[in-house]
Amino acid sequence: MSDAVADEYPAHDEHPPQQGHPLRERAEMLLEIGRPVEAIRVVERLLSQEPGQVDTLVLLARANLVAGRNLAADRATRAALEIEPENVLARCLHAMTADALGRADAIEHAETAMATDPQLWLGHAVLGTVLAHAGRFDDAAAAVGRAVALAPEEADAHVMAGDVALAAGRLDAAEQAYRSALGLAPDHAQARNNLGVVRMRRSGPMTGLSDIAAAAALDPELPEARHTLAAYVRSVTARTALAALCGVGLTVVGGILATTLDGDPAVFRILAGLLAVVLLGWLIFTARRTPGVVRALVWSTMRLRRRYWWGPASAAVTVAVLLAYAGTGIGLLLLVLVVPAIGGVLAVRVVDERLSVDR
């Protein structure tokens, strides 16, 4: 959604846009290539040289919104509207930041922007977005439909129409909108990411990961793609840790039963070996189902956040110890299973803590 905030509407004549300023051009270029944090620093330098320029404040709001800094974007739009209340782009951005911050006045600002310039597609698209977030899906669909009709050549209009359809659970309409956007702009990171989300909702978490990874490659700072991929890495940590815990638990239960029932130790060794094979097969199956580009991102994330290795490492140690015991029958090896049990508990704890932070 945030990529839609381009220079769709000129600033008021009182505050002519500084289009030729080298800092502004650099900031625009940084936004174009998906580096909003750097763009923010450049725009702040421009504001220090020429304070009070509405178009510069709008550019600052755009960059902050793309970077996910909603409070900073809100401050910039408020400053712009204090100088120029009729600036439609500033009003659209203010509606978007109000919506992102969960404020009830988002619809009011979007309606004001649309009424100020009914021919501006962005006003209709923003109104549709905030209406969808308020649960008014039919009204939202009508608003984004008007946006697409006004600007069928704008990829962002189709993306925002897709976002409304996705929020309403209309997956076919959402997919069609995102594919239309990609037809107009094949490198549109938001459209690629959201198409992956549609595919994940329709066919399971693995199906859309390639699209989301492609979106992250197109725009490494795209918050939605980064969040989804980080969530997948955490899920890998949690699932492999739980697999290790299950393996350890089943081994302990089997050992107790073998001891109390005076069973054949060879049978217990065979069962331990079969459990190791099942766990190994599940790990290989999970790895093979993950798209190659996502596997690379998983490993790179784990290298940066080494605590996430506790999950896969716990599962690997469990498999290795069970296979070693099945092959040798040395009971002391089973004591080593304490290591993956501790690792599994720590891994799940790390994931739970991280999810709490995300919430």
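**Entry 1. Residues 155–188.** I began with residues 155–188, whose end C-alpha atoms lie 8 Å apart. I noted that this span is 79% helix and 0% strand. I then consulted UniProt, where an unreviewed entry places the feature "repeat: TPR" at residues 155–188. I record that the model is predicted.

**Entry 2. H4 against H5.** I looked up helix H4 (residues 70–83) and found that its axis and that of H5 come within 9 Å, crossing at roughly 145 degrees. I recorded the crossing of H4 and H5 as left-handed. On the H4 side, I listed Asn-70, Ala-73, Asp-74, Thr-77, Arg-78, Ala-80 and Leu-81 as making the contact. On the H5 side, I listed Ala-90, Arg-91, Leu-93, His-94, Thr-97 and Ala-100. Sorted by class, the contact of H4 with H5 has six nonpolar, four polar and three charged residues.

**Entry 3. H5 against H7.** I next examined H5 (residues 88–100) with helix H7 (residues 121–133), and found an angle of about 15 degrees and axes 10 Å apart. The crossing of H5 and H7 is left-handed. From H5, I noted Leu-89, Cys-92, Ala-95, Met-96 and Asp-99 in the contact. From H7, I noted Leu-122, Gly-123, Val-126, Thr-129, Val-130 and His-133. I classed the residues of the contact of H5 with H7 as seven nonpolar, three polar and one charged.

Notes: Residues numbered from 1 in each chain as written. Predicted model: local features only at pLDDT ≥ 70, side-chain atom pairs only at ≥ 80, totals over all residues. Heavy atoms only, no water. Axes fitted to C-alpha atoms, helices over the stretch in contact; angles between N-to-C directions. Helix = DSSP H or I, 4+ residues; strand = E, 2+ residues; numbered from the N terminus. Left-handed = near helix turned anticlockwise from the far one by under 90°. Contact = heavy atoms within 4.5 Å. Nonpolar A, V, L, I, M, F, W, Y, C, P; charged D, E, K, R; others polar. UniProt positions renumbered as here; feature names shortened; annotations may be inferred.
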